[in-house]
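Reader: I have a chain on my screen and some questions about it. Can we go through them in turn?

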Amino acid sequence: LFTKDQKIELAEKMAEMGIHRIEAGMPAVSPQDREAIVEIAKRYNQKGSPEIFAFARCMRDDVKLAADCGVKGVVVEIPASEHIVKYAYRWPYEKAIELAIDATLCAKEQGLYTVFFPIDGTRTELNTFMNLITRVANEGHMDALAIVDTFGGLAPSACSYLVKEIKKKIDKPLELHFHDDYGLGAANTLAGLSAGAEVRHTSISGIGERAGNTPYEQVALALLTMYGKDTGLKYDRMYGLSQLMRKMTGLPLRPNMGIVG
């Protein structure tokens, strides 16, 4: 875990680079995490860039903690796959839906931009997943929906299909949150954007649990050089930000890793 001061320093460097949104942490994790989020939100939300978001479980108390931190938005998570709901949480599936509806309505009441984040969505049976997201969209609240590949098993062709199928069901911006277990995080993200998704969740040099998340460096430069889409970042600062993260975490990168190796 990053310390409060480390989070603030990373946020400063990301803001200087032009990162559009920073998900600064989950305030329910610890007082230190909450203090870091408050400080980061205080520094940047008034300027409008980067937008500062917090993470919350599908619980009213979590959502209210996020709102108290002064963030602009909240990412609200709930397990989507019946496997996790049944065996990890030991809930009936309807409970997951009801909690998601209640927590997202609470986020709306708090005036937060709400991203609904169904964990393990890409391994969820399609009809079950569509029922979950349409129920939350219609009975709860979402400003955007995250497609979440929690275990990194999505393929680019499946990603394109899923984006198009979701677009038929709900008229909300789609955000792409992919893990990199098969090295497909950037490929899936580009496929999802090409299919009509609007927002990409990425991390510095792929940091994240297990094999990590989609590296923002690869996506941003692929968009710039392959698709002619300039995201407005200061690309010459990528290497320095990667070095700072590695110094803080001790996370080594292979010498020939693309962009920052």
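Author: What follows is a set of questions and answers on this chain.
This is a predicted model, where local features need pLDDT of at least 70, side-chain atom pairs count only at pLDDT 80 or more, and totals for chains, interfaces and linings use all residues. Residues are numbered from 1 along each chain as its sequence is written, and side-chain values use heavy atoms, with hydrogens and water left out.

Reader: How many helices and strands are there in the chain?
Author: Both kinds of element are DSSP runs, numbered from the N terminus: helices are H or I with at least four residues, strands are E with at least two. By that count the chain has 10 helices and 7 strands.

Reader: What radius of gyration does the chain have, and what would a compact globule have?
Author: The radius is taken over C-alpha atoms, and the globule rule is 2.2 Å times the number of residues to the power 0.38. The C-alpha trace spans about 45 × 40 × 30 Å along its principal axes. For 261 residues the rule gives a value near 18 Å, and the chain agrees with it at 18 Å.

Reader: What percentage of the residues count as buried?
Author: Buried means under 20% relative accessible area, exposed over 50%, and partly exposed in between (1.4 Å probe, protein chains only). Of the 261 residues in the chain, the buried share is 52%.

Reader: What share of the contacts with a separation of 6 or more is between residues 24 or more positions apart?
Author: A contact means heavy atoms within 4.5 Å. Among contacts with a separation of 6 or more, the share from residues 24 or more positions apart is 68%.

Reader: Which residues of helix H3 are buried, and why are they on the same side?
Author: Helix H3 covers residues 60-68, and its buried residues are Asp62, Val63, Ala66 and Ala67. The arc is that of the directions from the helix axis to the C-beta atoms. These residues are on the same side of H3 because they cover an arc of only 140°.

Reader: Which exposed residues does the other face of H3 carry?
Author: The buried side has cover that includes strand S2 (51-57), strand S3 (73-79) and helix H5 (93-109). After H3 comes Gly70, with a positive phi near 85°. The face turned away from the buried side carries the exposed Asp61 and Asp68.

Reader: Is Asp120 buried or exposed?
Author: Most residues other than glycine have a negative phi. Asp120 has a positive one, near 60°. Asp120 sits in the loop between strand S4 (113-119) and helix H6 (126-139). With a relative accessible area of 1%, Asp120 is buried.

Reader: What is the relative accessibility of Ile259?
Author: Ile259 lies in the segment after helix H10 (238-249). Its phi is positive, about 70°, although Ile259 is not a glycine. Ile259 counts as partly exposed, at 44%.

Reader: Which residues does Ser203 touch?
Author: Ser203 lies in the loop between strand S7 (199-201) and helix H9 (216-226). Ser203 is buried, with a relative accessible area of 12%. Not counting residues up to four places away in sequence, Ser203 touches Asn213, Thr214, Pro215, Tyr216 and Glu217.

Reader: What separation do the C-alpha atoms of Pro255 and Phe117 have?
Author: Pro255 is in the segment after H10. Pro255 is exposed, with a relative accessible area of 73%. Pro255 and Phe117 are 138 residues apart along the chain, and their C-alpha atoms are separated by 34 Å.
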